[in-house]
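Please open the structure in your viewer and keep the selection tool at hand.

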Amino acid sequence: MTKPSLPELLHAAVTAVGGVERPGQVTMAEAVAEAIDDESHLLVQAGTGTGKSLGYLVPALAHGERVVVATATLALQRQLVERDLPRTVEALHPLLRRRPEFAMLKGRSNYLCLHRLHEGMPQDDDEGLFDQFEAAAPTSKLGKDLLRMRDWADETETGDRDDLTPGVSDRAWNQLSVSSRECLGASKCAYGAECFAEMARERAKLADVVVTNHALLAIDAIEGAPVLPQHEVLIVDEAHELVSRVTGVATGELTPGQVNRAVRRAAKLVNEKAADALQTAAESFEKLMELALPGRLEEIPEDLGYALMALRDAARTVITAIGATRDKSVQDENAVRKQALAAVESVHAVAERISNGSEYDVVWYERHDRFGASLRVAPLSVSGLLREKLFSERSVVLTSATLKLGGDFNGVGASLGLAPEGSGGEDVPQWKGLDVGSPFDYPKQGILYVARHLATPGREGSRGDMMDELAELVEAAGGRTLGLFSSMRAAQAAAEELRGRLDKPILLQGEETLGELIKTFAGDAETCLFGTLSLWQGVDVPGPGCQLVVMDRIPFPRPDDPLMSARQKAVEEAGGNGFMAVAATHAALLMAQGAGRLVRATGDRGVVAVLDPRLANARYGSYLRASLPDFWYTTDRNQVRRSLAAIDAAAKQEGK
């Protein structure tokens, strides 16, 4: 029997999911198959509606080697495992004459820990273990959550937090889960044979396709202890998020609360001298943190340097002593010791990293209204790490609706550690960029309007002219507005102002869960939804519910963002344009994602309005506009009001 062709396989898969083949999807599938065969790398931009998940799944399944698919969001992981993969495998099985297996794998703390469930969790203050079920009042929210989790533990096959509906609070989940550092290990745990996290790993070892998240991919790359099974192909979906997720995993933090917890957990397991030294170091650190002012530390102040070295040395002594000291009164000594060790090791690792003072790290203080001050350290760049760990031993395909910024892939490529496309060299990963377009006719379906007549937004202060403009646009659109704001303060101010001016329901992020807000917004045409960062990427409302997307200003990073400003400065010192490489790239990605909220289906019509004249007037404006979908462009406010009124009238006529 002849081997089925890629178009045949794709046709079968698309039919199975009830979709329509699109030229961009076919082009993408062919390019992915070629990259896998050549063991090369591919960056592929595929617009909303292309069907990109099948564009990579079909060639990956046809290839037959193990594939890891890493996504940024839970929603896409679920879509792949619950919808796309089961149907695709079913459709391809008769043609491939084999049934590829697939599995989902997440970090250990995403799975219920049976040891914690049955034995309790080590307590910081009292000896032995603490029974959460007895301690939490059964009528309290925490008590109800814990009892529900105990019942769920008997039914669930996966133990995966995301399979528990409705969900529970972080506080409740943390009582019954462990981090990889706190885990006793399957061989030492009484429940190792039934462990949900271990079962997920075993399933992943047997699967042809392993679906995971960017964070676990980063842990696998950074920590050197393989979490993911050996694989020949890596596909990174939502790849525009990868750099920030990897940076998050590579960021360390020290807070007084965290250090004090480590002291309490270790105190009963080591000799008095070692415990006292750690306690003294913790107190010195806490006093310093009370005076900490937010901002970057270009050099570590002398007093902080001494405090960190004292913490590092005391933590190292405790780590050595924990192994040798036994407290006979402790019930489950292994669990208590493992949790204490994890807490102290975490303090030691960050204190040592900051004390060592690498030129490749950025250190800063942060202050939070609720949690107080924290000391943070993050890599100046993750591009070298990604180049070395991601692209060296496998074929990598990175895909997203927004990878091509300012007209090419080199900006995103550079952030991933890749040299400009087409650069030669033995140690330089070879890659190709491909834009397969979109099934949408952007110039006919959407308008990009820049309010050129407004005043340039300042750092702070009210923007009266912007509020007037926003109110007029929302009125013309008949509601139907998604407002994307650069800060929560700006979103709140706009919601307050417009609730006073307009007879339209204005929803505000934070007043209800995001899922509920989006459901209400999609269900009522007159409703508007205002919010900040997660709305720029997480909203999918096709149809007339969202016909106006407003951005209050270009979302440059805050000038006092320690990590972004350090990255910008480093580019400038190396002779590059720091503003374009860091700030403009950051803004372009967010704006491209935000503008992508408007057109989600072939019948959608509407306007993306940017209430920041710099998009029309500044030199970098053309770079940012080139990163957005190819909407019809105007700065004519009257034209836009007429267009919005016409779109609103058409939707009302259709009864929507």
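The largest cavity has a volume of about 280 Å³. A cavity is a set of points on a 1 Å grid over the protein atoms alone where a 1.4 Å probe fits but cannot get out; points are joined across faces, edges and corners, and the volume is the space filled by probe spheres set on them. The model is predicted, with pLDDT of at least 70 required for local features and 80 or more for side-chain atom pairs, while totals for chains, interfaces and linings use all residues. Residues are numbered from 1 along each chain as its sequence is written, and side-chain values use heavy atoms, without hydrogens and water.

Select Cys113, His115, Val178, Cys183 and Leu184, which lie nearest the centre of the largest cavity among its 26 lining residues (those with an atom within 4 Å of a point). Helix H5 (114-119), strand E4 (121-122), helix H9 (196-206) and helix H15 (333-356) each give two or more residues to this lining; helices (H or I, at least four residues) and strands (E, at least two) are DSSP runs, numbered from the N terminus.

Next, select helix H13 (residues 272-290) and helix H14 (residues 302-322), whose axes come within 9 Å and cross at roughly 155 degrees. Axes are lines fitted to C-alpha atoms over the stretch in contact, and angles run from 0 to 180 degrees between N-to-C directions. H13 is therefore roughly antiparallel to H14 (an angle over 145 degrees). Within their contact (heavy atoms within 4.5 Å), display residues including Phe285 of H13 and Thr317 of H14.

Note on methods:
Angles under 35 degrees count as roughly parallel, over 145 as roughly antiparallel, 65 to 115 as roughly perpendicular and the rest as oblique. On a 1 Å grid over the protein atoms alone, a cavity is a set of points where a 1.4 Å probe fits but cannot get out, and a pocket is an open set with protein on both sides within 12 Å along at least five of seven lines; lining residues have an atom within 4 Å of a point.
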